[in-house]
Amino acid sequence: MIRARPLTFEPPEDLVLAFRRMGLTEASQPALLKALPFTRLLLTGLRHQEEAFLQTLPEALPAWLPGDAQARPGTGLLTGRAEQFQRLVTAARADDGGLSALASAVASALAVGVSPAVLTLGARRFEWGSRAYVMGVVNATPDSFSDGGRHAGTEATIAHGLALAEAGADLLDVGGESTRPGALPVSADEELARVLPVIEGLRARTDVPLSVDTTKAAVAREALKAGAHLINDITGFSSDADLPRVVAEAGAACCLMHIQGTPATMQQAPRYDDVVEDVLGFLEAAVARAGAAGIPRGRILVDPGIGFGKTFEHNLFLLRRLHELRVLGLPLLVGTSRKGFLGRLAGGKPASERLAATLGSVASLAALGGADVVRVHDVAESRDALAVADAIRRCEDGGTLYTR
Ligand code: 7PM
């Protein structure tokens with residue numbers, strides 16, 4: 001499978017801003033935008049035919065630097081201006097010898113600055129690119145219940161969800177199956193008994209859209225009937241073949257997450273040649289399963305699955321290279337909240353002492369322009385951190401750097 005990924009992520013607004021600082025008018029900008037941006041695309045999965053085409057590019061097209069044919073066959077770097085890339089896409093499309101995969105891979109990589117379509121969930125609109133949205137974690141597993149038994153536990157969980165809504169959550173994610181590394185699966189009946197009363201309780205008392213963290217069609221069906229808007233499947237539709245259809249029939253949205261292995265075994269020996277490449281391939285297949293079941297692209301989010309079958313280094317590399325996942329053209333959801341890699345970075349702190357590290361991760365993601373939704377336990381604190389990071393990223397009036 002051929003894939004093209006931009007090495008850096010430069011939102012188009014950055015250039016428009018530079019033009020404004022140069023005193024250039026709006027009218028001259030389209031021409032400048034076409035001529036200026038310098039793009040570098042990393043290509044992987046090329047076949048001979050595509051390599052042959054790239055090796056004979058004329059001057060007017062991007063330059064081609066092939067990778068090592070032995071160590072990394074089918075790879076290379078394309079560099080050039082936006083307008084040259086457009087020409088390459090046109091030429092590859094015009095060739096009837098089967099260069100259409102190359103054309104679409106390059107076209108998707110060039111479109112990374114284009115915001116995904118607006119998503120409406122219940123009473124809320126998600127305008128991707130306007131800011132990072134916050135998904136609050138509502139844990140409905142017994143280990144999170146107090147000693148008062150199931151009913152008291154349910155009431156406490158609902159109260160917690162309402163508090164997160166009050167604190168500014170844009171979305172609440174209710175989960176009844178622990179996905180802790182080494183955790184064992186629970187039955188659909190048990191999972192439903194945990195999440196359904198919480199969904200019903202929240203649905204009656206807040207208009208914040210509800211997500212359900214489940215891999216099971218039977219759980220999703222009832223949860224969606226009870227008013228949930230989104231199914232968050234940590235296995236990217238790879239566990240239950242009926243789940244995509246249930247989501248499609250309800251007109252619901254979904255978040256498809258990458259995982260290597262299963263929660264029971266995933267942290268034993270995570271291994272990748274190229275973790276970004278692997279995650280991209282997995283998510284493409286997950287999105288295809290969703291599409292085949294009739295879920296519109298505009299109702300799909302994707303997630304690299306931080307901590308799910310990844311080493312410390314895999315997690316950091318994925319976060320740093322998150323913009324490469326934008327070639328999917330879908331909103332990115334990322335969950336770093338209180339996770340193990342943060343504990344390690346903070347000198348070995350337990351989950352209960354990882355708030356500051358979590359805020360560091362959330363702010364970095366927003367500042368890098370990587371995440372559309374962050375999944376967090378600490379909603380109020382994360383909203384503040386994001387307000388700062390988003391404002392710095394968007395700020396347009398530069399003022400003066402030095403005054404005399
Ligand atoms: C133990 C370890 C308990 C990890 C709970 C967790 C994600 C998710 C979770 C995520 C999406 C947690 C995780 N993490 N769903 N569900 N993305 N989409 O920290 O990163 O809550 S469970």
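This is a predicted model: local features need pLDDT of at least 70, side-chain atom pairs count only at pLDDT 80 or more; totals for chains, interfaces and linings use all residues.
Local features need pLDDT of at least 70 and side-chain atom pairs count only at pLDDT 80 or more, while totals for chains, interfaces and linings use all residues. Residues are numbered from 1 along each chain as its sequence is written, and side-chain values use heavy atoms, with hydrogens and water left out.

**View A. Glu-277 and Arg-5 pair up through their side chains.** This is a salt bridge with an N to O distance of 2.3 Å (the term means a side-chain nitrogen of Lys or Arg within 4 Å of a carboxyl oxygen of Asp or Glu). Glu-277 sits in helix α10 (residues 275-293) and Arg-5 in strand β1 (residues 3-6), so the contact ties together parts that are 272 residues apart in sequence. Helices here are DSSP runs of H or I with at least four residues, strands are E runs of at least two, and both are numbered from the N terminus. Both partners, Glu-277 and Arg-5, are buried (under 20% relative accessible area; exposed is over 50%, and partly exposed is in between, with a 1.4 Å probe and protein chains only).

**View B. Asp-372 meets Arg-326 in a salt bridge.** Here N and O are 3.3 Å apart. Asp-372 is in the loop between α13 (355-368) and β14 (373-376), and Arg-326 is in the loop between α11 (312-320) and β13 (333-334), so parts 46 residues apart in sequence get tied together. Asp-372 and Arg-326 are both buried.

**View C. Asp-242 forms a salt bridge with Arg-245.** Their closest N and O atoms are 3.5 Å apart. Asp-242 is partly exposed at 37% relative accessible area, and Arg-245 is also partly exposed, at 38%.
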